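Here is a short report on one protein chain. Keep the sequence and the 3D view open while you read.

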Amino acid sequence: MSRQSHAVVTPPSAEPVSVPEVQTHLRIDSDADEDLVSALAVAAREWCEAATNRQFCTATLCSKLSGFPSEGAITLPRAPASAVTSITYLDSAGASQTLTPSAYVLAADLAPAEVSLAPGASWPATADRPDAVTVTYTAGYGGPAAVPQPLRAAILLKCQALYDRDPKEAEMLEQAARSLLGPYRVHYF
């Protein structure tokens, strides 16, 4: 089994919850805390995305693997995936190669999405390195309006938990956010 990591290549162009929405939710009347509120919105979104293994607003991501799977498919760590941009790999000689798109198929309807071999294709041999294979793909629901309302509500609750100075209140808010996120969690087997 190969090891896998992921990173954001191109972040979303907008946050699912805007700074004014967070300010209204937190009952902040002035723009004095705008930078803090913006940072809270990003931190809350990232926490919610990590809790669900989902990408909320569309972004370009990359997943690095130590090699192609000996059997089966490559599982993409963030749902919903919509397209594979490229699959590059270091061949057994250490030279960078790009796998032809006709060699693989994206099962985007699955959560988590999987990239499997096309009929008649085989995974090539790779160098023995932790970053031997890079899958670059897009994932997310689209723009902010396309993100499901329970996910947006969870972001607001997490912002409030981060902003709140009462630890017990913050814990209750975070639990409420987790409850909203639960049905959206993608499980890896």
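## A hairpin and its sheet

Strands β6 and β7 form a hairpin, with six residues between them. Strands here are DSSP runs of E with at least two residues, helices are DSSP runs of H or I with at least four residues, and both are numbered from the N terminus. β6 covers residues 104-107, and it pairs with β7 in the antiparallel sense over four bridges. Two strands count as paired if DSSP finds at least two bridges between them. Within this pair, Leu106 stands opposite Val115 in β7.

This is a predicted model: local features need pLDDT of at least 70, side-chain atom pairs count only at pLDDT 80 or more, and totals for chains, interfaces and linings use all residues. Residues are numbered from 1 along each chain as its sequence is written, and side-chain values use heavy atoms, with hydrogens and water left out.

β7 (residues 114-117) also pairs with β3 (residues 74-75), antiparallel, through two bridges. Ile74 stands opposite Val115, and Thr75 stands opposite Glu114. The three strands make an open, antiparallel sheet in the order β3-β7-β6. β3 and β6 are at its edges with a single partner strand each, so one side of each has no neighbour in the sheet.

## The five-stranded sheet

Another open sheet has five strands. Their order is β1-β2-β8-β4-β5, and the pairing is antiparallel. The edge strands are β1 (4-10) and β5 (96-98), each pairing on one side only. On average, neighbouring strands in this sheet are turned by 25° against each other, direction ignored. For such angles, axes are lines fitted to C-alpha atoms (for helices, over the stretch in contact), and values run from 0 to 180 degrees between N-to-C directions.

Look at β2 (residues 59-65) and β8 (residues 133-139). They pair in the antiparallel sense over seven bridges. Ser63 stands opposite Val135 in β8. What holds strands of a sheet together? They pair through backbone hydrogen bonds, either parallel or antiparallel.

## Helix α1

Helix α1 spans residues 19-26, and its buried residues are Val19, Val22, Gln23 and Leu26. Buried means under 20% relative accessible area, exposed means over 50%, and partly exposed is in between (1.4 Å probe, protein chains only). The arc is that of the directions from the helix axis to the C-beta atoms.

What covers these buried residues? The cover includes α2 and α3. Arg27 follows α1, and its phi is positive, near 60°.

## Arg45 in helix α2

Arg45 lies in helix α2. Is it buried or exposed? At 7% relative accessibility, Arg45 counts as buried. Its side chain makes a polar contact with the side chain of Glu15 (2.7 Å). A polar contact is a pair of N or O atoms within 3.5 Å; within protein, one must be able to donate a hydrogen and the other to accept it, and residues adjacent in sequence count only if both atoms are side-chain atoms.

Leaving out residues up to four places away in sequence, Arg45 touches Pro12, Glu15, Pro16, Phe56 and Ile155. Contact means heavy atoms within 4.5 Å.

## Pro150 in helix α3

Pro150 lies in helix α3. At 29% relative accessibility, Pro150 counts as partly exposed. Not counting residues up to four places away in sequence, Pro150 touches Leu180 and Tyr184. Ala108 is 42 residues from Pro150 along the chain, and their C-alpha atoms are separated by 22 Å.

## Helix α4, end to end

Helix α4 has 15 residues, 167-181. The expected span of a helix is 1.5 Å times one less than its number of residues. For α4 this gives 21 Å, and the end C-alpha atoms are 21 Å apart, which agrees. At the N-terminal end, Asp166 caps the helix: one of its side-chain oxygens lies 3.1 Å from the backbone nitrogen of Lys168.

Which residues of α4 are buried? They are Ala170, Leu173, Ala177 and Leu181. Seen down the axis, the buried residues of α4 fall within an arc of 85°, so they line one face of the helix. They pack against α2 (34-52) and α3 (149-163). The face turned away from this buried side carries the exposed residues Lys168, Glu171 and Met172.
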